[in-house]
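Colleague: Could you take a close look at the aromatic pairs in this model, and tell me how the rings are arranged and where they sit?

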Amino acid sequence: MKRLIERSRSVGEVLRWVTQNPGKVSASHYPIALHKLGQLLQQQPGPPMGAGDSRGPAGQVLEQPEFHVLCQAIVSGCAKFDNFSIVNCLYAAAALGLPGESPLVRVLEDESRSRLGRFNQKDVSMVFSSEANNKALEAIFSSQLFYENRQERFIRSMAEWLPRKAENLTPYTMALIAKYVARHRLREPRLLDTIANFLLKRGEQLDSKVIQKLVFPFSRMNYRPSNHGELFPKLEAILEQKASSSPLATVNILMSMFQLSHFPQTVLHQVFSPGFITNVMSSPYALIVRRYLSLLDAAVELEFREYSGPRLDPRYRVLMFEHALTADEANRKYSYKGLVAEALRQLVGEECYRQDEVLPPGYCTDFLLWINRSGTVLPLSRVPAASRATPATSPVTVSLRSSVLALTSDLQDFAPVVLSVNDKWHYCQNSDILVGSRAMRDRHLRLLGYCLVQLPYTELEKVSGIEEA
């Protein structure tokens, strides 16, 4: 039956084989028949078929009694179909141009959604691409199976058609897409620009919590959208109006903009104002906001020198991070850090470096060393205690600018070096571009006077044995 369907030369021939031989037709034959119908219709002259279009040869086929018999057979039996047949029927129905409200498409979509947890990755991708409507996208991106697995090829194909459908998506669905893209570090410019355009058009209607979800992928992927010249000023205007309605979201949005080296001065005046500070300090999320405000304040100190507005009261300053990031801890077994640590121990000795040192304003470094003017790595015992304490243990309340000056004055004798192991998850997927938080960390460490030595995983994975390391 499969060969007969595939060799059919006309729409009528396909429909006759399937409808007149019900006993010989299995579930796997239905998607083959729908695919073949789509191919034959593409070969017929006339305007291309649109969903629900009853004009021309394609529209006439959809109205044929034999086609309705075929559709009814699928509707009646799809609950017993295997996953492969369900997915391929849905994919073929979409390619055929069947309207989303047709009984066949509705039944197949409902059956697909009920089976999402049992679909493999290829099945999920095919369902996703064939169901491209708001309800379907929401269901797919809410699926734990889909969310936990990276679909790079599918995301690239989605970037082709999403711009045309974005206007019909809800903010919730677009936020789900943004969350997925950020989680898997998928730096797909067309998709990110689509999110940015959606945000530009709908920003005033969105609350701050939704805006922060839509903005986050840009900073995560260290990507300035193509419309940033319009988008960033608009976000500033929105934040000015909504800053106090959701303080944590406001601070998160500011952090994203800072990571992209954009500093909205008017919003900073609000965020560092006594009223805003008093409000957030009495809230349940006071500690996390203090951490973010402390890092924002440090960024102003280092990167936005022309700012002359209010700053964070020194008594509220804390370290942004007190230990390694969660992602680094979770991926420890995949890191090259252990290899580098052992190589460093054998090369210079444990007395010549510190590991996992947290430097103000709260950046965890992999290895910290001191090197004199001749290029020799110094034992910690030979580094003046005062200089050693400046980068590593100085109180957060001390001005970072003062720390920079103190550090610079000692460069005549030695220079502090940060050895940075950049593992795979520190980069955007399949890219040599560091994620935004890592890139900002590096900028700040350099501005603080540290020399950075980068050890990218792409180089470390070529190393064979401890001697090469």
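Modeller: The structure holds six aromatic pairs, where rings of Phe, Tyr and Trp (its six-membered ring) pair if their centres lie within 6.5 Å, planes under 30 degrees apart counting as stacked, over 60 as edge-to-face and the rest as tilted. One of them joins Y30 and F81, a stacked pair with 5.8 Å from centre to centre and 15 degrees between the planes. This pair links distant parts of the chain, since Y30 belongs to helix α3 (residues 29-43) and F81 to the loop between α5 (65-77) and α6 (83-96), 51 residues apart; helices here are DSSP runs (H or I, at least four residues), numbered from the N terminus. Both Y30 and F81 are buried, that is, under 20% relative accessible area with a 1.4 Å probe and protein chains only.

Another pair, F258 and F263, is edge-to-face because the ring centres lie 4.8 Å apart and the planes stand at 80 degrees. F258 counts as buried because its relative accessibility is 0%, and F263 counts as buried at 18%. F258 and F263 also belong to one aromatic cluster with F304 and Y307.

As for confidence, the mean pLDDT (the predictor's confidence in each residue, from 0 to 100) of the chain is 85, and 86% of its residues reach 70 or more. The model is a predicted one, in which local features need pLDDT of at least 70 and side-chain atom pairs count only at pLDDT 80 or more, while totals for chains, interfaces and linings use all residues. Residues are numbered from 1 along each chain as its sequence is written, and side-chain values use heavy atoms, with hydrogens and water left out.

Terms used
Helices (H or I, at least four residues) and strands (E, at least two) are DSSP runs, numbered from the N terminus. Buried means under 20% relative accessible area, exposed over 50%, partly exposed in between (1.4 Å probe, protein chains only).
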